[in-house]
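Student: Can you walk me through this one? I'm new to it.

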Amino acid sequence: MNSLINLFAICILIITALVFFSRLRVPPNTILIIERIGKFHRAVSGGTYFKIPVIDQVNGLISTLTESDTFKLDIPTEAKEVLHVTLFLNWELLNTGTENIKKVAYQFKDSIKRKEALSEIIKIKVAGFFFNRSKSIALSDYEDLSEALKLQLGSAMKIMGYRLISLQLKDLYQD
């Protein structure tokens, strides 16, 4: 009888441990990627969920909050000048649909590398935008430049699964 009680207690402990370790708490404004046997299974947002231990694995978190960053760039031009540009950008996930989440999650596994890659694309696109501009670029209308640059950056960010909300050209001068 004692061995039956011990066996029952061990089973209860194992079940409790499985439930405890299979529980996922997803923070608000966050999407959690769950893989089942190495393939995308589902994306879950804000709340408590359960996964099958060993079979389901957490791939990473994606923020649904608006993100912002300031970029200070020194850009060489075709005329061998250097333009100094300061930009302030706001962006967010393009949408939280399954296909977009898969695209965003699987381009770069962790959020730090994802943000670094997005920053590099922004820097490359901005440098390309200003490379063949004339010497009088610093005298140009900031609003027109901002709109043209926003269109170019917006399409590049859309490919990565993000939407450019705003772009502000804070500073632009040349050496």
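This is a predicted model: local features need pLDDT of at least 70, side-chain atom pairs count only at pLDDT 80 or more; totals for chains, interfaces and linings use all residues.

Student: Okay. How many salt bridges does the structure hold?

Tutor: The structure holds 4 salt bridges. One of them joins the side chains of Asp 56 and Arg 36, at 2.7 Å from N to O.

Student: Where do Asp 56 and Arg 36 lie?

Tutor: Asp 56 is in strand β3, and Arg 36 is in strand β1, residues 23-36.

Student: Is Asp 56 buried or exposed?

Tutor: Asp 56 counts as buried, because its relative accessibility is 1% and the cut-off for buried is under 20%. Arg 36 has a relative accessible area of 30%, so Arg 36 is partly exposed.

Student: Which residue meets Glu 92 in a salt bridge?

Tutor: Arg 163 does, with 2.3 Å from N to O. This pair links distant parts of the chain: Glu 92 sits in strand β5 and Arg 163 in strand β6 (residues 162-174), 71 residues apart. Arg 163 is partly exposed, at 37% relative accessible area.

Student: And what about Lys 102 and Glu 99, how far apart are the closest N and O atoms?

Tutor: They are 3.9 Å apart, and the two residues form a salt bridge. Both belong to helix α2 (residues 98-107), and because they are 3 residues apart there, about one helical turn separates them. Lys 102 is partly exposed at 30% relative accessibility, whereas Glu 99 is exposed at 58%.

Student: New topic. In which sense do β4 and β5 pair?

Tutor: Antiparallel, over 10 bridges. Strand β4 covers residues 67-76, and strand β5 covers residues 82-93. Lys 72 stands opposite Thr 86 in β5.

Student: What's in the hairpin between those strands?

Tutor: There are 5 residues between the strands of the hairpin, and Lys 80 takes a positive phi near 65 degrees.

Student: Now the surface. Which residues form the nonpolar patch?

Tutor: Ile 37, Ile 52, Val 54 and Ile 55, with about 410 Å² of accessible area together. Val 54 is in the loop between β2 (39-50) and β3 (56-63). Val 54 counts as exposed, because its relative accessibility is 73%.

Student: Which residues gather in the patch of negative charge?

Tutor: Asp 141, Glu 143, Asp 144 and Glu 147. Asp 141 is in the loop between α3 (111-131) and α4 (142-159). At 42% relative accessibility, Asp 141 is partly exposed.

Key. Residues are numbered from 1 along each chain as its sequence is written. Side-chain values use heavy atoms; hydrogens and water are left out. Patches are made of residues with over 30% relative accessible area and no salt bridge: like charges are joined within 9 Å, nonpolar side chains (Val, Leu, Ile, Met, Phe, Trp, Tyr) within 5 Å. Accessible areas come from the Shrake-Rupley method with a 1.4 Å probe; for residues, only the protein chains shown count as cover. Lys and Arg count as positive and Asp and Glu as negative; His and the chain ends are not counted. The place of a charge is taken as NZ of Lys, CZ of Arg, CG of Asp or CD of Glu. Helices (H or I, at least four residues) and strands (E, at least two) are DSSP runs, numbered from the N terminus. Buried means under 20% relative accessible area, exposed over 50%, partly exposed in between (1.4 Å probe, protein chains only). Two strands pair if DSSP finds at least two bridges between them.
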